[in-house]
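User: Hi, could you walk me through this model? I'd like a plain chat about what it shows.
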There are 2 protein chains.
Amino acid sequence: MFHTVTLGRKVSKEDFKQRVPALRQGLLLQQARLKQHGDFPVIVLFAGVDGAGKAQTVNLLNEWMDPRLLVTRAYSAPSDEESERPPFWRFWRDLPRNGRIGMFLSAWYSAPLLDHVRDGDDTVLNRRLDEIVEMERMLVADGALILKFWMHLDRDAQASRFERMAADPLQAWRVTEEGRRNLALYDSFVASAETIVHRTSTGEAPWHLVEGTDSRYRTLHVAGILRDAVERRLNHLEALNGDAPRATDTLQPDELSAPEIESRTLFDTLDLSVTLEQKEYKQRLKAGQERLGRLHRAARARGISTLLVFEGMDAAGKGGSIRRITSALEARDCQVIPIAAPTDEEKKHHYLWRFWRHLPRAGRLTVFDRSWYGRVLVERLEGFATDAEWRRAYAEIRSFERELTDHGIVLIKFWLHISDEEQLARFEERKNTPWKAWKLTEEDWRNRARWAEYERAAHEMIERTSTRNAPWVVVEGVDKRYARVKSVETVCAALEEALAR
Amino acid sequence: MFHTVTLGRKVSKEDFKQRVPALRQGLLLQQARLKQHGDFPVIVLFAGVDGAGKAQTVNLLNEWMDPRLLVTRAYSAPSDEESERPPFWRFWRDLPRNGRIGMFLSAWYSAPLLDHVRDGDDTVLNRRLDEIVEMERMLVADGALILKFWMHLDRDAQASRFERMAADPLQAWRVTEEGRRNLALYDSFVASAETIVHRTSTGEAPWHLVEGTDSRYRTLHVAGILRDAVERRLNHLEALNGDAPRATDTLQPDELSAPEIESRTLFDTLDLSVTLEQKEYKQRLKAGQERLGRLHRAARARGISTLLVFEGMDAAGKGGSIRRITSALEARDCQVIPIAAPTDEEKKHHYLWRFWRHLPRAGRLTVFDRSWYGRVLVERLEGFATDAEWRRAYAEIRSFERELTDHGIVLIKFWLHISDEEQLARFEERKNTPWKAWKLTEEDWRNRARWAEYERAAHEMIERTSTRNAPWVVVEGVDKRYARVKSVETVCAALEEALAR
């Protein structure tokens, strides 16, 4: 999940300087409006990797904003007074009143995360996360706007941040023993964090993931979301004009202002130039298919089902990759389910109903050629799903997929990616080849015109639904040989792992 | 919790006969409207104690309603086909489409409940309940109306139902070995059920508790709620006229039609004539207070805090009972917090904030003279809280109190009850006694005029918030001596239990 926020996003000094005045004015303006009209509190939580700039961001925001309308709290070990009361007591005491903004560092997510890194006790973690979700839901139901920022660094960036700090006499004191210990625990820390972020990223109070490497970028990102979220809520309440709020009012945009600052996505970091020579391709494909056939017979015997999801840009080569997988298997053991528009009967049910229907019996391999992810891709972009519907779909899909993998199903999701130019070339080829022309529709051209929007939606989808139990695999699709071999080999590796369990 | 549904509610044969025609017509009418205009499915779940009439009720509803628009499913052990898929697969497959009603027996609550009775594994139970809550929330967010009926019998009623069935040649086959085993496990069954009902009684899909002893009563109760809930939802959507639904639309009334059928409450089963002679009163009060002082010193030393909540009808004698408790303790170890209207500052926070503020340090005893329960009593009835606010308060209060008791706090909630006539007598006495007249306000007379509504609200409050960790104790308050001694002795018993842990 966190690989979508380690893209090296940056903002130059000049760009930063140019943006800051308007941003500061905007923040002050929203604070003033909030004080005057806002019958709700704003609760801003900061969590994340040490060294990703949580404290610096909070300090800067404090400098930029009106301190009389702002409360900032950072928590360390509970005092006597505090530990004699239930754990949430100190947080409740500090909650901002209506019309105010409260910024919280190391608040209610801190102890559950650190304890889980230390003891790995899932039961305790789940109970605490339930309590947190209930508390946040209670506050949101009462009107609170809760913004949660997860500031992230990858392991190397964290290590080098530490070294730089240790070498700087003015900063060395920040490098504590505990910080060093946490660095050594980076992987477990991130694993626990992923569980926490997924479990507590609700429609009412989603996490905003922030790339923490560049201080200018992360500041603009956080401050922009804060300003926009408060502004949106105030505008919305104004428009209601005393009416009762609608069911969708508590939903928050996932990324409000980030694309304005720096529009890079996961796909910009892909190396689409990778290729496979014909000879190596043939060898590896053959070996991969043989291995796949063998592994799947073993999985079949053990009753382990496999579900593969293929999504990707139009003409990215999904069909070709799918055929390389299915042709390695016995026909009766596998099935390809192409997903098009829902039938009338399907439309009369929850959108996940039709996918539940198609779940295979034990031991089968099923390929979904397009899938339930249509909800957050085409349905989102074409307006077939309402804002509220596609926004809540991330959590719905995560819980659907958890049902599947909890049952022992091997689930892999492929995103096949090509470049804008490559798609154009393939469209042209289809147009000009009589027996391929049927594959190209008006809709394809329409989707193509919205390339950047599709990329952003796919980026967000991968960020919000790539879990440990059901990961997304992004496949570089320009070279078809490379893509096919990577798909086949990925399935083999996943089956091998499942069989070794 | 379940003691509020074992009141012996009954409907006579004549009354039943008179009500049925309108009820059946109403059900058919709503089915037809649902088919024509209802862009949502209705999911009706039946669970509860064996012998409480689940199957009979479903059968009768099937007879009364249009079978073409109705799906009924009862589940036993999963088939091969079913166990090769995730547990929810078979339920998803059977979900009714929009415009239809589906009735489910022994569905998704069945295995979690029976497994927990058998193995007592809280971790597994909690995980499964989380999944259920997520799934129901997903369906409701998509528009589904979910009605959940818990049909209840107390242990004696269940046992005699069994004996009657066993003695009847036509029914004896219904008495299975498993049924007999479950009867032996009645207490654990009810304990697990209480956890499940509390945890899954959400604002979107609350449980309706149904007294199962009298077949006519339970039929009218269930059928009435079904008809009214569907009608309400359809009327509501009609009124919206294509507008987006509001945040409160998914909330369900807790008891829609029950009071019409039979207005008995918990308080009608109280024996308010209990008394204590002056001599016994003096002895027991003195002994109780000494014991309380001793126990509280021990609790103080161990850092165990005690929270007492006193609620009750006006002039029920809360103050007198509270003083008998506090006078037994060192003044610096205890505190009485009278709750009146919130201050301006308190109004600018979530309504629970002011109660969090007052949580005592370790080892203290704190009495709330009126409390957070104002939300579901006076605020509900006087309209100070919106419908959505007081309805969701039950779950909020349960989770607040769980925070307290999880921290080791001893929490007891007293409801002091007097009769209508007794209140009038006390009001008159206050009016005519110069040094008591200040105690009597216009508001008291206004509340008095709504006696029956207060009783129903208090009944519902006790049903929804009496948990194992934080039980309600109903105190018969007509005889003040009896009430005081019972209060003191109840606190003693709770402290003794806590100290023995």
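User: What should I know before reading it?
Analyst: This is a predicted model, in which local features need pLDDT of at least 70, side-chain atom pairs count only at pLDDT 80 or more, and totals for chains, interfaces and linings use all residues. Residues are numbered from 1 along each chain as its sequence is written, while chains are lettered from A and ligands numbered from 1 in the order in which they are written.

User: And what is the mean pLDDT of chain A?
Analyst: The mean is 90, and 96% of the residues of chain A reach 70 or more; pLDDT is the predictor's confidence in each residue, from 0 to 100. The model as a whole scores ipTM 0.83 and pTM 0.86.

User: What rotation superposes chain A on chain B?
Analyst: A rotation of 180° with 0.0 Å of shift along its axis does it, at an RMSD of 0.1 Å. The two copies are thus related as by a two-fold rotation axis. Both copies use the same surface, since 100% of the contact residues of chain A recur in chain B. The superposition is by least squares on the C-alpha atoms of residues with pLDDT of at least 70 in both copies, and a contact means that the C-beta atoms of two residues, placed from the backbone, lie within 7 Å.

User: How is chain A divided?
Analyst: Into domain 1 (11–262) and domain 2 (268–500), with bounds from an automatic or database domain assignment. Taken over C-alpha atoms, the centres of these two domains of chain A are 34 Å apart.

User: Let's do helices. Where is the kink in H1(A)?
Analyst: At Val20(A), shortly before the proline Pro21(A), and the kink is about 35°. That bend is the angle between axes fitted to the seven residues ending there and the seven starting there. Helices (H or I, at least four residues) and strands (E, at least two) are DSSP runs, numbered from the N terminus.

User: What span should H1(A) have?
Analyst: At 1.5 Å a residue, the 25 residues of H1(A), 13–37, should span 36 Å, and the end C-alpha atoms are 36 Å apart, which agrees. The expected span is 1.5 Å times one less than the number of residues.

User: Which residues of H1(A) are buried?
Analyst: Leu27(A), Gln30(A), Gln31(A) and Leu34(A). A residue is buried if 20 or more other C-beta atoms lie within 10 Å of its own, exposed if 12 or fewer, and partly exposed in between, with C-beta atoms placed from the backbone. The buried residues of H1(A) pack against S1 (42–48), H2 (54–64), S3 (101–105) and H10 (215–240) of chain A.

User: Over to chain B: where does H17(B) bend?
Analyst: H17(B) bends by about 35° at Ala393(B), which is itself among the buried residues of this helix, along with others including Trp390(B), Tyr394(B) and Phe400(B).

User: What do those buried residues of H17(B) pack against?
Analyst: Elements from both chains: H6 (122–141) of chain A, together with S6 (306–312), H16 (378–381), S9 (410–417) and H20 (451–465) of chain B. Just after H17(B), Gly408(B) takes a positive phi of about 95°.

User: Is Ser106(A) buried, exposed or partly exposed, and why?
Analyst: Ser106(A) counts as partly exposed because it has 18 C-beta neighbours inside 10 Å. Arg370(A) is also partly exposed, with 17 other C-beta atoms within 10 Å.

User: Last one: is Pro41(A) buried or exposed?
Analyst: Pro41(A) is buried, with 24 other C-beta atoms within 10 Å. This proline lies in the loop between H1 and S1 of chain A. Not counting residues up to four places away in sequence, Pro41(A) touches Leu95(A), Pro96(A), Arg97(A), Asn98(A), Arg100(A), Gly102(A) and Ala144(A). By contrast, Asp344(A), found in H14 (344–347) of chain A, is exposed, with 7 other C-beta atoms within 10 Å.
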